[in-house]
Amino acid sequence: MSTAAAILILIGVLAFAVARPFGLPEVVAAAPAALLVIALGLVPWRDVGAEIAALGPTVGFLAAVLVLAHVADERGVFGYLGAVAGRLSGGSPRRLLRLVFGVAAVVTAALSLDATVVLLTPVVLATAVRVGARPRPHLYACGHLANSASLLLPVSNLTNLLAFGAAGLGFGQFAGVMTLPWLAVIGIEYAIFRRWFAVDLGTPARPVPPVPVRVPRFALVVLVATLAGFGLSQPIGVAPAWIAAAAAAVLAASRLVRRPAVESVRLVRAANLPFCGFVIALGVVVVAVRSGPVGAAVAGLMPHRTDLAALLAAAAIAALLANLLNNLPATLLLVPLVAPSPGLVLAVLLGVNIGPNLTYVGSLATLLWRQILHARDHPPTAWEFLRLGAVTVPACLVAGVAALWAGLRLFGLS
Amino acid sequence: MTTVVWLTEGTWPACVDAARALPADPVRLLHVVDAHSVEAIDGAHAGLLGRAAGAGGAEMLRQAQTALLDAAAARLGRPAERVARRGAVEREVVAACADADLLILARDGDRTRLGPKSLGRTTRFVLDHAPCPVLLVWPDAPPGLSTLPPPPR
């Protein structure tokens, strides 16, 4: 009975997040839902406290990195990357795709997938248009790499942050083990994209005259220092959220001094506090589901060894669940169940990070909802995404898991 | 006699030049925003749940479309009707030619390997279903006779 209630509440929270009635933020449903599971006694107080304490630093980092990406954009970092990619492409759509892959992979790894989707994609579109290349392959590349290139660092994806603590790895170790899977997955995506979009990429564009663009030296230096700071601060017990917040403060300082009131409002808005609240509330609701028979059943499904087959199974289950639910609740549900084993936690991350490329919009529910919403005003576009995802996701999962297996052995973690 | 000029990124100048070389009949400059590209942007935003922000794909691509139509009109150098559409590109182009007397479009695909597959799917569909005569132009200099493959034995 209580299990059914918990599951219904979780479904309600996710349905609201997908449909966003009246454009309301997800937390509008998630916060009352979290209170409801507590009031119904579906989660003991003790666990609520533990979950919030565990999610706190993660959500803090999310807010800080959203602000950091926002101020980096204001400093012209993304525009600069687009200008450089356009110039180096020399009017070749194929070379532009290689550059877009490189830039999107690095931006995703360093500033998280949100930066690639929200801030880099418009720049890539503008660059493709300027070069005279057809935008489609480059736009798809941004969308795909935002997911699949978010494997490298604990800070690259909200899912990684959620799992980082549970994996029991240091920042450097995490990055070290994930380097091979990251490269393997990007390589596979690139090979498939080259074939899939051969016509678009083969159509000649024209070399662009270089546009004068100011090099945002200060911002680039701060960003590189921030990345180094993430790696160096973790061993001494400083949460990466503080590093990201400090970097954002440094980059925003001059504007803040000039117009303190206006700029503070903009920064707080960039931090997206309602979404941060949603993550915490969702975490509490998922605890209610995980602690019941559903959690036990899923735990029974998850492998316990870390050989190649077991890693592959863990990644596949995670990818499946990510597509059913959305990868955030999937991560919250699965990571604690495999937590003692760093290998399995990382395999789950491969699944929840690469998996969303299958439906592209995050989950099957979102896909269906969008098809219903847009059935009248545009042609069904889902098939093209599903076909591309059906090719890239299994290939990336297999290559990524094989590389993870090798990486774990290389670092003596299996 | 109405001439429709289908403009696509990268190859449109050749189409405009071809239209300019024709007698001064009414010209309709056509560009179609690809629904898949719109969805590529909007779908990725949807995947972020409430973290998505900024302009949607339709708006971003509409701005690029307007810029392209402006550039094409300037290159043509005489008054022309401008048609901006969005959807399944191949079908929109055919629909926009319903009352046309001529459609001008450019070859796409890989110029380094000429052959049956060097036309893209979209262009092929338009060629197959165009309700009017079609003028297919090279996006740049036509290939020399030396590119002809040896005859099959």
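The model is predicted, so local features need pLDDT of at least 70 and side-chain atom pairs count only at pLDDT 80 or more, while totals for chains, interfaces and linings use all residues. Residues are numbered from 1 along each chain as its sequence is written, with chains lettered from A and ligands numbered from 1 in the order in which they are written.

Let's start with chain A, which has 20 helices and zero strands. (Helices are DSSP runs of H or I with at least four residues, strands are runs of E with at least two, and both are numbered from the N terminus.) The radius of gyration of chain A is 21 Å, close to the 22 Å that the globule rule gives for 414 residues, so chain A is as compact as a globular protein of that length. That radius is taken over C-alpha atoms, and the rule is 2.2 Å times the number of residues to the power 0.38. Along its principal axes, the C-alpha trace of chain A spans about 65 × 55 × 50 Å. Of its 414 residues, 55% count as buried, meaning that 20 or more other C-beta atoms, placed from the backbone, lie within 10 Å of the residue's own.

Just after α8(A), A:Gly168 takes a positive phi of about 65°.

Helix α9 (residues 171–196) of chain A packs with α7 (residues 136–148) of chain A at an angle of about 160°, their axes 11 Å apart. That makes α7(A) roughly antiparallel to α9(A). Axes are lines fitted to C-alpha atoms, for helices over the stretch in contact, and angles run from 0 to 180 degrees between N-to-C directions; under 35 degrees is roughly parallel, over 145 roughly antiparallel, 65 to 115 roughly perpendicular and the rest oblique. Where they meet, α7(A) brings residues including A:Pro137 and A:Leu145, and α9(A) brings residues including A:Ile186 and A:Phe193. Contact here means C-beta atoms, placed from the backbone, within 7 Å.

Helix α17 (residues 327–338) of chain A packs with α14 (residues 273–290) of chain A at about 50°, with axes 10 Å apart. The pair α14(A) and α17(A) are therefore oblique to each other. Residues in this contact include A:Val286 of α14(A) and A:Leu332 of α17(A).

Now over to chain B, which has five helices and five strands. From the N terminus on, its elements run β-α-β-α-α-β-α-β-α-β. The C-alpha atoms of chain B fill a box of roughly 60 × 45 × 25 Å, taken along the principal axes, and buried residues make up 40% of its 153 residues.

How do the chains meet?

Terms used: Two residues are in contact if their C-beta atoms, placed from the backbone, lie within 7 Å. A residue is buried if 20 or more other C-beta atoms lie within 10 Å of its own, exposed if 12 or fewer, and partly exposed in between; C-beta atoms are placed from the backbone.
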